[in-house]
Amino acid sequence: MTTMTKRNRNRLLMKVGVILGLVAGAMFAGFPILWMLSSSFKSNGEIFEFPPRLVTEDFSFGAYLSILTDPTKVRFFVNSYVVAIAVTLLTLFVAIMAAYAFSRFEFRGKRIINVVIVSVQAVPPITLLIPYFGLVVVLGLYNTYPGLILTYMVFTLPYAIIMMTGYFNTLPRELDEAVRMDGAGSMTALWKVLVPIAVPGIVSVGIYTFMIAWNEYLFALTLTKTEDMRTVPIGIQLLMGQHSYQWNEIMAMSILGSVPVLILFLFFQRYFMGGLASGSVKS
Amino acid sequence: MSKDARARRGTFRLLGVLATAATLAATAGCAASGSSESSDGTVTLEFAQWWEPELPEGALRGMMDDFEAQNPGIKVNLLSGPYASTKEQLFAGAAAGTMSDVVGLDGAWVSDFAKQGALADLSALMADAGFDDSELASQIQVDGSTYMIPAVNFVYPLFTNDDLLSKAGISAPPTNRTEFAAAAKAVSALGDNTSGWILPLSQEAPNGIQNDVMSWTWASGGSMLKDGQPDLTNDDVKSAVEFVQGMWNDGSIAPGSFTMKEQDKVEEFSNGRVGMMIDSLAHINLLRENDPNLKFSISAIPAEDGFTGERGIPYASWGIGVSDSSAHPAEAFKLVQYLMSEKVNSELSTVANAFPGNTKSVPDFSNSDPLFQTAFDIYKAGYPANEFTGLPVAEDLMRSFDGQFQSLLNGDQSVDETLENAQKEWESQF
Amino acid sequence: MTSSSVDRTLRAPGRFSKARRGSEPYAFILPTALLITVLMIVPIVMVIGYSFSDNVITNKHPELVWLANYAEVLGDPVFHTAVINTVVFTVGSVAAHLVLGLAFAMMLNTQLLSRFTKALFRTVYILPWLFTAAVIAVLWRLLLSPNGVVNYLLDSTGIASGQVEWLSNPDLALGSVTFINIWAGYPFFMISLLAGLQGIPHDLYEAATVDGANGIQKFFSVTIPQLRPIIISMLLLDLIWTSQQFALIWMTTGGGPINVTEMLSTYTYKLAFSRYEFALASTSAVLVLALSMVLAVFYVRHQRARD
């Protein structure tokens with residue numbers, strides 16, 4: 001009896017502790033974004049007033065309207081979606097195959113390929129810019145979607161492969177070996193057995209890949225030239241002028257850019273909830 | 001064939017692809033640049049600049065439409081990018097041979113692009129076109145040839161907040177350094193987070209060195225160069241640096257200097273936290289917009305006590321140049337000529353809130369703020385001064401001076417050490 | 001204990017893998033190899049080539065100078081400062097990313113709260129991830145400005161007073177920039193670890209409970225060993241990425257005040273686009289690449305030892 005109440009009390013204490021911790025963390029994570037949201041409704045002058053206020057009398061949706069009614073800026077959003085979605089799907093497809101090879105096979109050159117994949121990420125993009133740009137022009141990919149998509153894939157693949165290899169490594173090999181022993185090919189073992197179990201990992205890699213493609217600025221700017229090819233981060237930087245910034249529009253455009261990503265995350269986050277993966281892993 | 005052999009052959013094939021790609025990339029420099037010619041002989045020029053987003057919507061496009069109407073057979077494609085990245089983009093474009101035919105330039109970049117061979121010699125193009133350059137207010141030359149023509153100039157006079165100054169007991173904008181320092185001190189003494197002066201010294205965009213530090217030297221007729229070589233240890237530079245250091249030590253400068261940028265000045269000023277700033281005229285409209293009740297004046301940058309000569313006023317330009325790799329340099333120059341023509345240049349300077357690069361052009365102030373007329377009078381009374389324009393690695397010169405200057409204000413070194421160190425760093429770049 | 005039995009399951013029976021040696025794995029990595037080779041190795045090889053030449057790009061006919069650029073960069077005191085700052089910034093950021101990411105992931109994975117509450121917090125926690133570096137920099141400049149809301153809140157709660165210059169005080173700038181980077185980067189760890197936590201079989205915890213382990217013991221004997229492969233991969237990636245962080249630093253401090261936040265990335269940028277010394281910039285990039293190669297070799301060794 002006493003141990004039961006003690007355990008209940010402990011449970012309650014732990015719950016309070018977790019909630020307090022979560023609230024503190026949420027303030028750390030969310031306050032800057034709250035301030036961004038608040039600034040997007042202010043006038044440029046009010047953003048800098050002291051003492052600062054969360055809501056001001058000039059509260060207005062003006063910044064949002066001026067972005068949403070500008071067809072050029074709406075086009076930036078469309079471009080960002082096209083590129084980010086294509087990059088995510090292609091990266092996942094290519095990375096899952098490579099990760100499967102790394103996780104389930106021993107082959108000559110495995111180590112050296114691994115070292116290359118890990119370390120190519122280490123070259124500062126700013127120094128790659130000029131030779132890379134020359135290459136893209138020669139390949140005829142300048143100012144095209146494929147140019148941007150392939151570029152981002154090069155940046156997202158190493159991460160995706162490393163993480164997917166890690167996830168596959170945590171899955172017991174008996175699972176896919178058994179399928180292959182039954183006579184099915186490696187492709188079946190991979191796509192019919194491993195991939196469905198690895199969904200949480202795939203989703204988290206996918207979200208990450210999407211973020212990279214969505215937020216990249218330097219190459220998006222260099223590899224495109226016309227307004228119908230440019231992406232949201234460039235649109236945001238265009239608001240940072242030579243003499244002054246459109247502060248409220250910068251904030252509004254960032255918020256607008258983040259909402260669809262947030263919805264995507266909300267939709268996929270059920271894959272992070274307990275039970276889904278762990279149940280099937282039990283063998 | 002064994003699997004191993006097949007794999008090896010695959011590797012060889014891959015190496016072959018690699019080698020081909022590398023060769024192709026190496027020859028990228030020879031690729032043709034921006035412009036294109038369609039089958040009916042219409043030439044489409046690319047005009048890369050950061051101006052379009054800075055101007056009222058459609059203003060620049062409208063001018064291009066007029067140009068196309070006047071020049072059948074030439075079309076203009078406006079390519080706009082963010083100002084902060086323009087330089088890298090031009091540099092990368094020049095290296096890959098994709099630079100646009102006509103490009104917007106800043107005076108601080110010209111020398112480097114010219115040396116890279118990215119810009120066409122405008123002196124030659126002007127001669128070919130039989131263009132009379134007597135109307136041009138200035139031309140930016142490197143080794144005797146023109147590479148950039150300033151289309152419009154933004155001058156940087158002194159802005160003073162009338163209310164704050166009168167609250168501090170000062171009735172008129174200061175005209176010399178002593179008055180300025182006293183006014184700055186008095187405004188800072190008002191408390192309530194107010195400061196006398198604002199000094200942006202961010203190393204990301206170190207043009208504060210040009211507009212807010214060296215401008216004190218130029219306003220008193222001084223120079224930081226001697227025969228085109230750095231001369232930072234002269235008395236004019238030294239007294240300006242000592243003057244700024246004095247205000248820093250008085251606590252008259254708004255906090256946050258070391259990471260502040262030009263764009264931050266106007267926000268602090270319009271919120272009434274700063275009494276005085278040296279700032280671009282382009283900001284007048286923004287100040288009005290931010291706070292319609294703000295009362296402020298414009299005056300010349302104060303000079304050394306007792307100085308009676310002509311005062312230099314710092315300025316920044318929107319310059320134009322032509323790409324060296326342009327396939328249609330003659331057409332490209334027509335666009336330059338058009339933008340520099342009396343009427344179009346007046347129009348451009350009016351919409352940009354700037355002063356024209358054509359001496360005959362007169363901006364139309366009838367619809368704009370009366371302060372523009374005041375500023376135009378100040379501009380006419382002095383001379384435009386920006387010694388960084390056309391210098392090699394101009395931005396890096398500002399940046400290295402900035403680093404030394406921050407060390408000085410931080411109390412790490414003396415004025416003499418600062419100037420000697422900066423002089424040494426500059427000499428190694430010339 | 002239980003974890004070791006799982007380790008044994010994870011270590012696959014060698015006979016299958018050794019038997020399947022043929023060309024199949026090459027087919028699986030072919031698309032990756034092709035992309036990385038054409039679009040990454042080629043430019044990298046060109047950068048390495050630049051690093052042995054004199055003043056490429058600006059000079060039409062660069063000369064081969066072999067190691068002169070390396071001597072110049074390695075002898076530059078600013079480079080040394082940049083290395084030290086980069087190490088401080090990177091290690092600080094990565095350590096905090098791991099601790100925060102793990103703490104948040106554990107809290108979000110708790111059984112104590114309802115699904116809805118957890119979903120709500122999860123959404124808030126991922127927010128810093130949704131924004132491009134330029135916006136994060138602009139936002140934090142706003143928050144941390146001397147007259148900004150952070151100072152206002154600290155002042156009105158009595159924690160600190162006055163106009164603290166978070167970014168422009170040479171004593172605070174490096175710490176502030178690191179803090180911003182911690183804020184911007186932890187969701188990456190959190191999400192990956194959250195996904196990893198889902199993969200830990202419940203019976204491991206149940207077995208540990210039967211063995212009489214308390215919460216902390218379970219954390220160290222089950223959770224950490226199970227997450228180890230993910231944590232190690234992420235530490236490596238984050239080390240490499242953070243050491244390259246450019247936009248955030250450039251747009252908040254520009255490497256200043258003086259040079260307290262000068263990193264390898266800002267140093268390289270200045271060489272390339274401020275001084276137009278592209279050969280020196282390439283040299284600095286190759287040095288960074290060489291360092292990361294060492295890291296990568298250790299990582300791959302470790303991977304193999306674990307298999």
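This is a predicted model: local features need pLDDT of at least 70, side-chain atom pairs count only at pLDDT 80 or more; totals for chains, interfaces and linings use all residues.

User: In chain B, what share of the contacts between residues at least 6 apart in sequence join residues at least 24 apart?
Analyst: The share is 74% in chain B, where two residues are in contact if their C-beta atoms, placed from the backbone, lie within 7 Å. For chain C, among contacts between residues at least 6 apart in sequence, 68% join residues at least 24 apart.

User: How confident is the predictor in chains B and C?
Analyst: On pLDDT, the predictor's confidence in each residue, from 0 to 100, chain B averages 89, with 92% of the residues scoring at least 70. Chain C averages 87, and 92% of its residues score at least 70. For the complex, the predictor gives an ipTM of 0.87 and a pTM of 0.89.

User: Where in chain B does pLDDT stay under 50?
Analyst: One such stretch is residues 7–12 of chain B, for which the model has two contacts beyond four places in sequence. Residues 14–19 of chain B are also below 50, and that stretch has five contacts in the model beyond near neighbours in sequence. In chain C, pLDDT stays under 50 over residues 1–19, for which the model has 21 contacts beyond four places in sequence.

User: Back to the fold, then: how many helices and strands are in chain B?
Analyst: Chain B has 16 helices and 16 strands, counted as DSSP runs numbered from the N terminus, with helices (H or I) of at least four residues and strands (E) of at least two. Its C-alpha atoms fill a box of roughly 90 × 60 × 40 Å, taken along the principal axes.

User: Why does the radius of gyration of chain B agree with a compact globule?
Analyst: Because a compact globule with 430 residues would have a radius of gyration near 22 Å, the 25 Å of chain B agrees; the radius is taken over C-alpha atoms, and the globule rule is 2.2 Å times the number of residues to the power 0.38.

User: And how many helices and strands does chain C have?
Analyst: Chain C has 14 helices and zero strands, and its C-alpha trace spans about 70 × 70 × 30 Å along the principal axes. Of the 307 residues in chain C, 55% are buried, meaning that 20 or more other C-beta atoms lie within 10 Å of the residue's own, with exposed standing for 12 or fewer, partly exposed for values in between, and C-beta atoms placed from the backbone. In chain B, buried residues make up 56% of the 430.

User: How many residues of chain B are in contact with chain C?
Analyst: There are 35 residues of chain B in contact with 34 residues of chain C. The largest share of that side of chain B, nine residues, comes from α1(B).

User: Which residues touch the most other members of the largest nonpolar core?
Analyst: Of its 317 residues, they are A:A98, A:I161, A:M164, B:V336 and C:I136; such a core is a set of buried Ala, Val, Leu, Ile, Met, Phe, Trp, Tyr and Cys residues joined through C-beta atoms within 7 Å. Not counting residues up to four places away in sequence, A:M164 touches A:A95, A:I96, A:A99, A:G201 and A:V205.

User: Last one: is A:D228 buried or exposed?
Analyst: A:D228 is exposed, because 11 other C-beta atoms lie within 10 Å, and it is found in the loop between α11 (218–222) and α12 (232–238) of chain A.

Note on methods
Residues are numbered from 1 along each chain as its sequence is written. Chains are lettered from A and ligands numbered from 1 in the order in which they are written.
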